[in-house]
Amino acid sequence: MRAKRRKKKKWLRWVGGIAAVLLIGIGAYAYSIYHHVKQTANQMYENVDWKSDKRDDEISFKEKTPISILLIGVDERKGDRGRADSLIVMTVNPNKKSIEMVSIPRDTRTEIIGKGKKDKINHSYAFGGVEMTMATVEHFLDIPIDYYIKVNMESFRDIVDAVGGVTVNNPFAFTYEGVTFPKGEITLNGEKALKYSRMRKSDPRGDFGRQDRQKQIIEAIIQKGASFSSLTNYDEVLTAIGKNMKTNLTFDEMQEIQANYKEARHHIEQLHITGKGTTINGTYYLIVPEKERLAISNKLKEHLELKTAS
């Protein structure tokens, strides 16, 4: 009887030892991920002189205040600041569990805040960097712009490759820079995703079609990056993000958003800004009618749970 008890105790100690090793291993893995994420967030963080003039109350992540994020796709060049190739505003409402995403055509003519003149909206980045771009977009849409994420478009391919490629639904077949993109569901690696998102001249909708393809890629990355499978190569994902992205979101703020806003990613609605092309003093601009601008502004305000304009 005693021999049986000794065997049982030995067996329990053996199982307990295995469990302890597993828990330590899992804990070390979790710490490694946490450490790498924190390191990447610190590498991405860029302090800018910015506070929205259109935000009366402080943002509370715990109380799930809807927020807005400006995505700035930048074509970096050696020796200068570069230019904003694309501007996309995302409003995130954790209460409605949804995201609204709108691309602002880069040729949109509007007042450049801090420059004192009207010009193409994407020129705001060349004139005054992130701060002037945020101020100009905030003025144009008449909504608070809370945060920004700047992405180096040329190195965008690294992020797509890091998450193992993305799958999108291509509305029509086309060929661009030697690559053929068939109609329907296609899976793209980083190089092809970059080309897919850049084509404009063969699209019957021009820059608007290009914007939609860019949003497709971003949405696919959000969905792919949020899945557990991406953790198998998290180091590669974080390296690509750290090299190619800058933001004014701190690591603590990212944690709060992950904890309280993550369900919003399951429903993403794409909005469209339309206008009429015109040439002024030899320069092409897109003129957005006030009625159109106001409609988009009110839609975003409603999603942010702010008062709309009449």
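N93 stands opposite S98 of strand β3, and the two strands concerned, β2 and β3, pair in the antiparallel sense over 7 bridges, where pairing requires that DSSP finds at least two bridges between two strands. The model is a predicted one, in which local features need pLDDT of at least 70 and side-chain atom pairs count only at pLDDT 80 or more, while totals for chains, interfaces and linings use all residues. Residues are numbered from 1 along each chain as its sequence is written, and side-chain values use heavy atoms, with hydrogens and water left out. Helices (H or I, at least four residues) and strands (E, at least two) are DSSP runs, numbered from the N terminus.

- N93 belongs to strand β2, which covers residues 83–93, and is buried with a relative accessible area of 0%; buried stands for under 20% relative accessible area, with a 1.4 Å probe and protein chains only.
- A polar atom of the N93 side chain lies 2.9 Å from the backbone nitrogen of K96.
- Leaving aside residues up to four places away in sequence, N93 touches P66, S98, A264, H303 and E305, contact being defined as heavy atoms within 4.5 Å.

**The sheet**

- An open sheet of 6 strands runs in the order β11-β6-β1-β2-β3-β12, with mixed pairing.
- Because β11 (245–247) and β12 stand at the edges, each with a single partner strand, one side of each has no neighbour in the sheet.
- On average, neighbouring strands of this sheet are turned by 20 degrees against each other, direction ignored.
- Helix α6 (residues 234–244) lies across β6 (147–152) and β11, running at about 65 degrees to β11; axes here are lines fitted to C-alpha atoms, for helices over the stretch in contact, and angles run from 0 to 180 degrees between N-to-C directions.

**Helix α8**

- The 14 residues of helix α8 (residues 290–303) should span 20 Å at 1.5 Å a residue, which agrees with the 20 Å between its end C-alpha atoms; the expected span is 1.5 Å times one less than the number of residues.
- Buried residues of α8 are E292, R293, I296, S297, N298, L300, K301 and H303, and their cover includes β2, β3 (98–104), α2 (123–141) and β12 (268–271).
- After α8 comes E305, with a positive phi near 60 degrees.

**The β13–β14 hairpin**

- Strands β13 (residues 276–280) and β14 (residues 283–287) pair in the antiparallel sense over 5 bridges, and T279 stands opposite Y284 in β14.
- This hairpin has 2 residues between the strands, and N281 takes a positive phi near 50 degrees.

Methods:
Buried < 20%, exposed > 50% of the residue type's maximum accessible area, 1.4 Å probe, protein only. Polar contact = N/O pair within 3.5 Å; in protein donor to acceptor, adjacent residues only side chain to side chain.
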